[in-house]
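Here's a quick tour of how two chains meet. Have a look at the picture, then read on.

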Number of protein chains: 2
Amino acid sequence: MTAAAPPAPYEQTERTTPTRIRERASYDREVVHAILDAAYVCHLGFVRDGAPVVLPTLYGRVGDRLYVHGSTGSRPLRTAGRAGDAGMPVCLTVTHVDGLVLARSAFHHSLNYRSVVVHGSAFQVTEEAEKRAALDALVEQATPGRAADCRPASAKELAATAVLRLDLAEVSAKVRTGGVNDEPEDLALPHWSGVVPVAPAYGTPIPDKDLAPGTPLPAYVAAL
Amino acid sequence: MTAAAPPAPYEQTERTTPTRIRERASYDREVVHAILDAAYVCHLGFVRDGAPVVLPTLYGRVGDRLYVHGSTGSRPLRTAGRAGDAGMPVCLTVTHVDGLVLARSAFHHSLNYRSVVVHGSAFQVTEEAEKRAALDALVEQATPGRAADCRPASAKELAATAVLRLDLAEVSAKVRTGGVNDEPEDLALPHWSGVVPVAPAYGTPIPDKDLAPGTPLPAYVAAL
């Protein structure tokens, strides 16, 4: 029995090569997927009338594809629809903030973070099975286990929802971890220095006012 | 004594008018400032070779101006430098995730959030006093109280740092709060339904390995 070969990294391109601190960049498929899978909100950039637009939106990952969705009447979805077969040039970015890095010098203040930047073209999904799988992935991304525990979209709801697909091809991760990088001559300064960890926290679930009394909290919600 | 007049709202424009769910949008200056002041990481979009680029970066607010910074060698800063007097068209977006909204129907799943989207042109800051004030604001944005408790940038560090200014003029907030909006005919479905609150949480500060023993944790760090 031989171990499975690790998946090939993403191809590095000019625009996925940072201009500085290159050692923070990664093209490793598992690193990229892990960062994407730990979040569910991305910032989607597109160009409208020559100017950039950046909107927060939910996403879902299925293998090497990401999906975002919206009303068929929303701006990015209509823009993508007009783009047709060529697709709409987008940049999709996901960021986790992991810590504030408080250095003794203002200059060396920093952030611990993990981010993924995806460049590519987004295409409207028209095939119903792919559309339904994408919507399931969007629900699962934020709350794993939920897609099987809710009513699927009706035909009318499906028709009112536009889904965009973006392939993971030109993609990179960037990660900063660790402590403070002060200059040696600053180490004796009196200022407190260190890292303050940051992470999202979930509060106590608030049941809907119309929820039937006694409806148990699902294990997948309690596990968040 | 008369109460001060509330500040005028931001002017609504075609691109700050949502195509749908317009009741979630706000142009109220205090609403916009409060959302900006509760965060310190934004997603900055710009256009490079006709394609969008979205990068996470720190920001600071001073009145009706936002500042971002970076190495003079970094891509957005170099692009802005080339843009010169015309400025670089950007879109700067700040998002807080406040809760997962788990509806009985997949379609009505949503997110509670607060976001601000700023459209405009970014300009390089060249005047030293404004540059220093901007860098202070960047440090203060993430850790209020810190700018006065660290070594300010040296002349060399200042020269290596580029700062961009973006005026808050064409800007809108978008906020979703509250509970689940299921269809009346779905209320009897057996699925648990409600909101799971989400908020960033700070962990126990980790002192730098070279910190002099006995250095007290500053009150402004403990207060995070």
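## How much is buried

Buried area is the accessible area that two parts lose on being put together, summed over both. With that in mind, and remembering that this is a predicted model, here is the figure: chain B and chain A bury about 7,000 Å² between them, and 63% of it sits on carbon and sulfur atoms. On the chain B side, Pro52(B), Arg151(B) and Trp192(B) lose the most area to chain A, together 11% of what that side buries.

As for who takes part, chain B puts 86 residues into the contact, and chain A puts in 86 residues too.

## Charges and polar links

Six salt bridges run between chain B and chain A. Arg151(B) turns up again here: Arg151(B) forms a salt bridge with Asp186(A), with the closest N and O atoms 2.8 Å apart. There are also 31 residue pairs in polar contact between chain B and chain A, counting pairs with both residues at pLDDT 80 or more.

Several elements of chain B give two or more residues to the side that touches chain A, including the strands β2 (41–48) and β3 (51–62) and the helices α2 (75–83) and α3 (128–142). The largest share of that side, nine residues, comes from β9(B). Sorted by class, the side of chain B that touches chain A has 49 nonpolar, 22 polar and 15 charged residues.

## Strands side by side

What does β9(B) pair with in chain A? Its partner is strand β10 (residues 194–202) of chain A, and the two pair in the antiparallel sense over five bridges. Zooming in, Val198(B) in β9(B) is the bridge partner of Tyr202(A).

Technical notes: Residues are numbered from 1 along each chain as its sequence is written. Chains are lettered from A and ligands numbered from 1 in the order in which they are written. This is a predicted model: local features need pLDDT of at least 70, side-chain atom pairs count only at pLDDT 80 or more; totals for chains, interfaces and linings use all residues. Side-chain values use heavy atoms; hydrogens and water are left out. Contact means heavy atoms within 4.5 Å. Buried area is the accessible area (1.4 Å probe) that two parts lose on being put together, summed over both. A salt bridge is a side-chain nitrogen of Lys or Arg within 4 Å of a carboxyl oxygen of Asp or Glu. A polar contact is a pair of N or O atoms within 3.5 Å; within protein, one must be able to donate a hydrogen and the other to accept it, and residues adjacent in sequence count only if both atoms are side-chain atoms. Helices (H or I, at least four residues) and strands (E, at least two) are DSSP runs, numbered from the N terminus. Ala, Val, Leu, Ile, Met, Phe, Trp, Tyr, Cys and Pro count as nonpolar, Asp, Glu, Lys and Arg as charged, and the others, Gly among them, as polar. Two strands pair if DSSP finds at least two bridges between them.
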